[in-house]
Amino acid sequence: MSLFLYTGAITGAAFSPSWLLDVPLWFVAGLGGWGLHRIAHDCGHGPFSRSRRLNTAAGSFALLPLLYPYLMHPSAGDVPFLTSQYWTRNASRLLLTTDYAYPKVLLFPDPHHLRPHRAPRGPGDPVLQPPQGSARPEESPSGNGPGGAAEAQPSLADSAEPSPVRHGSGGSPSVTGELLGIPGADRMALRTAITATTTAFEPVFDPDELLPADAGMDVLVDCLDDLVRERRRRPGDDLVSAMVRDRDADGALREEELVASLVMFVIAGVQSPSET
Amino acid sequence: MIGNTVRLALNHPAEGRGMTADDDLLSAFITETLRIEPPNHVLTRAADPDIDFYGHRIAAGSRALLVLAAANRAPRRFTDPATFDITREDNRPLSFGLGPHYCLGATSAKMQVEIAVPILRRRFPRMTLTGPPTYRDQLMTRGFARMQVTLSP
């Protein structure tokens, strides 16, 4: 359409019998040219298509009539735009494996925690001791010592027929979904997307290998983006509601950082317990 | 974790039966499963200062792949490391990491296994593996592509 407007108007202007006709024709040509530029722009930045080859072909073609070379934006594919429609190539890998979301965003806003921690200097080094509060139940002393806090964590294996598994054989998507407040109907649908994103942890030799992971990430970001807005309107007794409340109260996280954190929780919460 | 625990319970029937009756055995079983079959095999970290790590120099700023699965089988830490043994003393695998970045969901993950696996074993006490399971073609996260079982032979 843009190409037709652009070339048609220029051709018309070239053969027009009167300069009065040239004025609207050049205006139309400008519109068409702007459209072509817009297409090439989207190709260069990534959102036109997930395929680098298609972006290059369409971008080059769109710029051909404008007599301008097509150059892919240097950051295309390297910078995740956290609005899902601009969620670009390799976003899955960046979100999962760099400081963009983890661990900076999620857990430790204190810059001290961004620093790598020193390596242990030997088997007895204090750095090798488990952190406070994360001791696993079987490691805690059996008496009433300081480790009692860990023992206070409910061991659901104690109950004869535990009730928390309420959603049939869904297993982990149900448990993590319940904790986060993901509506029941959405949970199993997320499973495929979650599995797809795990490719982003792996070594890949061709960036196109990440396309399914990026597509999966789109699904998760859309879902959790919606969920954050929904829980802001109607809070519930779940982790997403609590995190939205805290984010809105202190502003420590940006909105997209909150969504990135929740995406990470969903992937880690479902993938490791259930699929391995 | 659930898949690995079920697979090991079927391969080690005596311990597998014991876990449904005894919470301590169940916990020990899951910990040993985590040691020998960690869900995530690798973590990435960067060195802050220069580090001398058991005689190997790691320069500040270097990025390192930490193979948790190998650490969990380190002979100087675990006796007879390739053997699945739920009676190990002081069994503390690195599967959930360590230090301030210790996995936030570790307790939740273990609780899920503590709940799910005994329910499955009680429901299908005669379940057996049909054949060796196949694994997904992944290095970092290691899980089954397919694990076929016979529920009641």
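Mentor: Let us begin with confidence. pLDDT is the predictor's confidence in each residue, from 0 to 100. For chain A its mean is 66, with 59% of the residues at 70 or more. This is a predicted model, in which local features need pLDDT of at least 70 and side-chain atom pairs pLDDT 80 or more, while totals for chains, interfaces and linings use all residues. Residues are numbered from 1 along each chain as its sequence is written, chains are lettered from A and ligands numbered from 1 in the order in which they are written, and side-chain values use heavy atoms, without hydrogens and water.

Trainee: Which elements of chain A have the lowest and the highest mean pLDDT?

Mentor: Elements are DSSP runs numbered from the N terminus: helices (H or I, at least four residues) and strands (E, at least two). The lowest mean, 34, belongs to helix 5 (residues 148–151) of chain A, and the highest, 91, to helix 9 (residues 239–250) of chain A. Chain A has 10 helices and 0 strands.

Trainee: How should stretches of low pLDDT be read?

Mentor: Where pLDDT is low, the predicted coordinates should not be read in detail. In chain A, pLDDT stays under 50 over residues 126–172, for which the model has 63 contacts (heavy atoms within 4.5 Å) beyond four places in sequence. Residues 73–89 of chain A also stay under 50, with 47 such contacts.

Trainee: What share of the residues of chain A counts as buried?

Mentor: Buried means under 20% relative accessible area, exposed over 50%, and partly exposed in between (1.4 Å probe, protein chains only). Of the 276 residues of chain A, 41% are buried.

Trainee: How is a pair of aromatic rings described?

Mentor: It is described by the distance of the centres and the angle of the planes. Rings of Phe, Tyr and Trp (its six-membered ring) pair if their centres lie within 6.5 Å; planes under 30 degrees apart are stacked, over 60 edge-to-face, and the rest tilted. The count over all chains is 4 aromatic pairs. B:F53 and B:Y54 form an edge-to-face pair, 4.8 Å centre to centre with 80° between the planes. B:F53 is partly exposed at 30% relative accessibility, as is B:Y54 at 37%. B:F96 and B:Y102 are also edge-to-face, at 6.3 Å and 70°; B:F96 is buried at 11%, and B:Y102 is buried at 8%.
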